[in-house]
Amino acid sequence: MTAEQNIEKRLRALSAHTPAPKLDMERLNKGMEKHRKIVSLTKMISTAAAAIVLITGAVIVTSAIAHNQIASTVTLDSDACITINLNSENEVVEISAADQRGKKALSGFQPGDRDIDKATAELITHLIENGTLNEYDNTVMLTADSADDDTEEALRAKAAEAVGQAYADNHFDGALLSQNTDASRESERIAARYHVSRGKAQLLRELIDTDSTMSYRSLSRMNINDLNLIADSIDLSYTGITETGTSSSLRYLNREEAIRIVIETLDDKDVEIKIRLDARGGELLYRLSVKSGKTMYTYSLVASSGEIITVVKSGGNKTEILID
């Protein structure tokens, strides 16, 4: 027997007499249970962490929505209509145009501040710089609207002060009408029917309540500057509107010039004349009632040129249209 064969024989004998090692099942089971607990705890922590992220995310989203939710508005009417939307903290959320002229007026405007007074002043400065407000159309009407009356009045006062300050800073001779939104459904109906802002509808109501011969359709086409000139001509004392400054009449003939044009057409110069402003087809007109003896003449003149567009003669139960 060789040496290698002898070694192999001894290894087989040793293997036959050596028992296989025993597994410690109790220890193994404890180890597996510990592993399962660790895995379960890890899953619980992961689930909780995910839930916290979701909850936190929901709070953040809800907070962002609330921060941008519109609670109040300030509307600026001139020749254009622009609305400033505010959240519950009276911070500016959005500035938007309510009509095509408003879109043109807002072009290029980027507010630098969310405070209502600063944003309003910046907006007025922008309107002066781009010519929306000018020496011929220098009047803005400001209307505040909020569910809370105190908030509404505070907004009106603060924004109105900002408009006045912007006028002063820009050395602009402007006029301002400011008001709060009324609760009338009639104003809401007029605004919807004639496609004007709620604030402008309130102004139209005051005009027609004073002189019912005027029409909503004609007045709705006029800008705030000209509507205020009409109000002055009929001696309207506003009930819900605060007025500062004087609306521009530079584009138009004055009352004396309009009267002179009419008198030059009459043979009888000893007449009684009543004069006021009105609107037709988007134009500002002078309406003159002229009493000569027992005859009454009613003239309509284009306020910007003095052109006589209608003359109606009445008297003796007879009415005659002389010019139409």
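# A first tour of the model

Thr-244 lies in strand β6 (residues 241-244); strands (E, at least two residues) and helices (H or I, at least four residues) are DSSP runs, numbered from the N terminus. This is a predicted model, where local features need pLDDT of at least 70 and side-chain atom pairs count only at pLDDT 80 or more, while totals for chains, interfaces and linings use all residues. Residues are numbered from 1 along each chain as its sequence is written, and side-chain values use heavy atoms, leaving out hydrogens and water.

Back to Thr-244, then. How far apart are Thr-244 and Gly-164 in sequence and in space? They sit 80 residues apart along the chain, yet 8.9 Å apart from C-alpha to C-alpha. Thr-244 counts as partly exposed because its relative accessibility is 44%; buried means under 20% relative accessible area, exposed means over 50%, and partly exposed is what falls in between (1.4 Å probe, protein chains only).

## Aromatic pairs

Let's look at the rings next. Rings of Phe, Tyr and Trp (its six-membered ring) make a pair if their centres lie within 6.5 Å; planes under 30 degrees apart are stacked, over 60 edge-to-face, and the rest tilted. By this rule, the model has two aromatic pairs. One of them joins Tyr-167 and Phe-172, which are tilted, with 5.4 Å from centre to centre and 50 degrees between the planes. Are these two residues buried or exposed? Tyr-167 is buried, at 6% relative accessibility, and Phe-172 is buried too, at 15%.

Tyr-194 and Tyr-216 also pair up: their planes are at 25 degrees and their ring centres 5.8 Å apart, so this pair is stacked. Tyr-194 belongs to helix α6 (residues 185-194) and Tyr-216 to helix α8 (residues 216-220), so to speak two distant parts of the chain linked across 22 residues. Tyr-194 has a relative accessible area of 14%, so Tyr-194 is buried. Tyr-216 is buried as well, with 17%.

## Salt bridges

Now for the charged partners. Side chains of opposite charge can pair when their charged atoms come close. A salt bridge here is a side-chain nitrogen of Lys or Arg within 4 Å of a carboxyl oxygen of Asp or Glu. How many turn up in the whole structure? The search finds eleven salt bridges.

In one of them, Lys-118 meets Asp-113, with 3.9 Å from N to O.

| Residue | Relative accessible area | Class |
|---|---|---|
| Lys-118 | 43% | partly exposed |
| Asp-113 | 23% | partly exposed |
| Arg-198 | 24% | partly exposed |
| Asp-182 | 27% | partly exposed |
| Arg-287 | 21% | partly exposed |
| Asp-278 | 5% | buried |

Arg-287 and Asp-278 also belong to a network, where salt bridges with shared partners join them with Asp-211 and Arg-276.

## A charged patch

Which residues gather in a patch of negative charge on the surface? They are Asp-267, Asp-268, Asp-270 and Glu-272. Patch members have over 30% relative accessible area and no salt bridge, with like charges joined within 9 Å (for nonpolar side chains, Val, Leu, Ile, Met, Phe, Trp and Tyr, the limit is 5 Å). Glu-272 is placed in strand β7 (residues 272-280). With a relative accessible area of 55%, Glu-272 is exposed.

## Two positive phi values

Finally, a look at the backbone. Most residues other than glycine have a negative phi, and most peptide bonds are trans. Asn-90, which is not a glycine, has a positive phi near 60 degrees. You'll find Asn-90 in the loop between β2 (81-86) and β3 (92-97), and Asn-90 is partly exposed, at 28% relative accessible area.

His-171 has a positive phi as well, near 50 degrees. The loop between α5 (149-169) and β5 holds His-171. Is His-171 buried or exposed? At 75% relative accessibility, His-171 is exposed.

Terms used:
Accessible areas come from the Shrake-Rupley method with a 1.4 Å probe; for residues, only the protein chains shown count as cover. Lys and Arg count as positive and Asp and Glu as negative; His and the chain ends are not counted. The place of a charge is taken as NZ of Lys, CZ of Arg, CG of Asp or CD of Glu.
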